[in-house]
Amino acid sequence: MKVLDSISQVVRQKNSATWSIHPDATVYDALKTMAEREIGALPVIQEGKLLGLISERDYARKVILVGRSSKETKVSDIMTRPPMTVTPECSVDEAMRTMTEQRVRHLPVVGPEGNLVDIVSIGDLVKWIISSHEKTIEQLESYISGSA
């Protein structure tokens, strides 16, 4: 595990389902799915194509703060479009830099045809980086103690 590893390695390690929502669904339905799945964002998919991303932040800023109803507002009305994305070949370091610079917490991972492969969160990347550092420390301790 290294910060120069590809996002595809993070995706393989996550080994979890990727949830999505249709643009015509209500914001309420999106929030319900996010709450049930304990996730903070959903890719918005129509006919197999990634159209956008809806997050808890979108809800807070584009629905609740402006007095809209989550049961009447469609996902397509508030989703982030187009979303920032990365490819599976992108490095963990580059994805982390993108998230930091763009101030986003979730990045859809898209394949060559623009199809959704998965979504990674800032938490996924932080966990990967911490594991990488722990492995490096173990290797250094082993080397120093002469047991390598």
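Let's settle one term before the tour: a residue is buried under 20% relative accessible area, exposed over 50%, and partly exposed in between, using a 1.4 Å probe and protein chains only. What you have here is a predicted model, in which local features need pLDDT of at least 70 and side-chain atom pairs count only at pLDDT 80 or more, while totals for chains, interfaces and linings use all residues. Residues are numbered from 1 along each chain as its sequence is written, and side-chain values use heavy atoms, with hydrogens and water left out.

With that term in hand, take Glu-47, which is exposed at a relative accessible area of 78%. You'll find Glu-47 in the loop between S1 and S2; such labels follow DSSP runs numbered from the N terminus, with helices (H or I) of at least four residues and strands (E) of at least two. The phi of Glu-47 is near 50°, a positive value in a residue other than glycine. Glu-38 also has a positive phi, about 55°, without being a glycine. Glu-38 sits in the loop between helix H2 (27-37) and S1, and is exposed, with a relative accessible area of 75%. Pro-82 belongs to the loop between helix H4 (75-78) and H5.

Now for the strands. Strand S3 (residues 106-110) pairs with S4 in the antiparallel sense over five bridges; for two strands to pair, DSSP must find at least two bridges between them. Val-110 has Leu-116 in S4 as its bridge partner. Together S3 and S4 make a hairpin with five residues between them, and Gly-114 in the turn has a positive phi of about 85°.

Next come the pockets, which take a bit of defining. On a 1 Å grid over the protein atoms alone, a cavity is a set of points where a 1.4 Å probe fits but cannot get out, whereas a pocket is an open set with protein on both sides within 12 Å along at least five of seven lines; lining residues have an atom within 4 Å of a point. Grid points are joined across faces, edges and corners, and the volume is the space filled by probe spheres set on the points.

The largest pocket has a volume of about 350 Å³. Its lining has 16 residues, and Ser-55, Arg-57, Asp-58, Thr-80 and Val-104 lie nearest its centre. Strand S2 (49-55) and helix H3 (56-62) each supply at least two lining residues, with the largest share, five residues, coming from H3. By class, the lining has five nonpolar, four polar and seven charged residues; here Ala, Val, Leu, Ile, Met, Phe, Trp, Tyr, Cys and Pro count as nonpolar, Asp, Glu, Lys and Arg as charged, and the others, Gly among them, as polar.

Asp-58 counts as buried at 7% relative accessibility, while Lys-62 is partly exposed at 30%.

The second largest pocket holds about 230 Å³ of space. Of the 16 residues in its lining, Lys-14, Ala-17, Ile-39, Ile-119 and Asp-124 are the closest to its centre. Strand S1 (41-46) and strand S4 (116-121) each give at least two lining residues, and the largest share, four residues, comes from S4. This lining has eight nonpolar, five polar and three charged residues.

Lys-14 is partly exposed, with a relative accessible area of 25%.

Altogether, the count comes to five salt bridges. One of them joins Glu-94 to Arg-97, the closest N and O atoms being 2.9 Å apart.

Definitions and conventions
A salt bridge is a side-chain nitrogen of Lys or Arg within 4 Å of a carboxyl oxygen of Asp or Glu.
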